[in-house]
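Hi,

Here is the structure I said I'd pass along.

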Amino acid sequence: MDSRGEEAKKPRTIIWVAEHGFQGWTCSQCEWNYPLPTLLNDAEAKSAYDRLALGKFREHACEGHAPRLGAVDSQSFTARIRKLVKQGFKPRDAVDLLLQEVELEYRGQPKVLEQARAEGQDFLRRVREGLI
Ligand SMILES: [Zn+2]
């Protein structure tokens, strides 16, 4: 009967954010977050962390946190990969495309390219494991 109420209730999603001061998972609807511990470098440990974050995400109540204002994370390489996938690219192609773009945009800045590669690898690992 009341279709307006349904429309307002968009499903919340878990979003990976990698920005200057923060790396970790966040909620699309509220300020809930689960930061990546520092020194977490190997893929297995990261996967364990991702699974833990997903569990915590499912348990949290958005009502208990401040509502999220504005879009989360629009600048990171992960966000750009996500955008390409939304446009219809397969995850692997999206990562390849991003790396090509980054190579052009950040010519002579190997550290930036390294960061993009790392984010691309993490993205594909999460896709493989069905986390996103
Ligand atoms: Zn939330």
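Let me start with the helices: α2 and α5 cross in a right-handed way. Keep in mind that this is a predicted model. The contact draws on Ala-43, Lys-46, Ser-47 and Asp-50 from α2, and on Asp-122, Arg-125 and Arg-126 from α5. Sorted by class, that contact comes out as five charged residues, one polar and one nonpolar.

As for the geometry, two packed helices are described by the angle between their axes and the distance between the axes. Here α2 covers residues 43-59 and α5 covers residues 110-128, and they pack at an angle of about 60° with the axes 11 Å apart. α2 is therefore oblique to α5, since angles of 65 to 115 degrees would be needed to count as roughly perpendicular.

Strand β2 spans residues 23-27 and is mostly covered, with four of its five residues buried. What does β2 pair with? On one side of the story there is β1 (residues 14-18), which runs antiparallel to β2 and is joined to it by five bridges. Within that pairing, Gln-23 of β2 sits opposite Ala-18.

β2 also pairs with β3 (residues 33-35), again antiparallel, through three bridges. Gly-24 has Pro-35 in β3 as its bridge partner. Five residues lie between β2 and β3, and the two strands form a hairpin.

Cheers

How values were computed: Residues numbered from 1 in each chain as written. Predicted model: local features only at pLDDT ≥ 70, side-chain atom pairs only at ≥ 80, totals over all residues. Heavy atoms only, no water. Buried < 20%, exposed > 50% of the residue type's maximum accessible area, 1.4 Å probe, protein only. Pairing = 2+ DSSP bridges. Axes fitted to C-alpha atoms, helices over the stretch in contact; angles between N-to-C directions. Parallel < 35°, antiparallel > 145°, perpendicular 65-115°, else oblique. Left-handed = near helix turned anticlockwise from the far one by under 90°. Contact = heavy atoms within 4.5 Å. Nonpolar A, V, L, I, M, F, W, Y, C, P; charged D, E, K, R; others polar.
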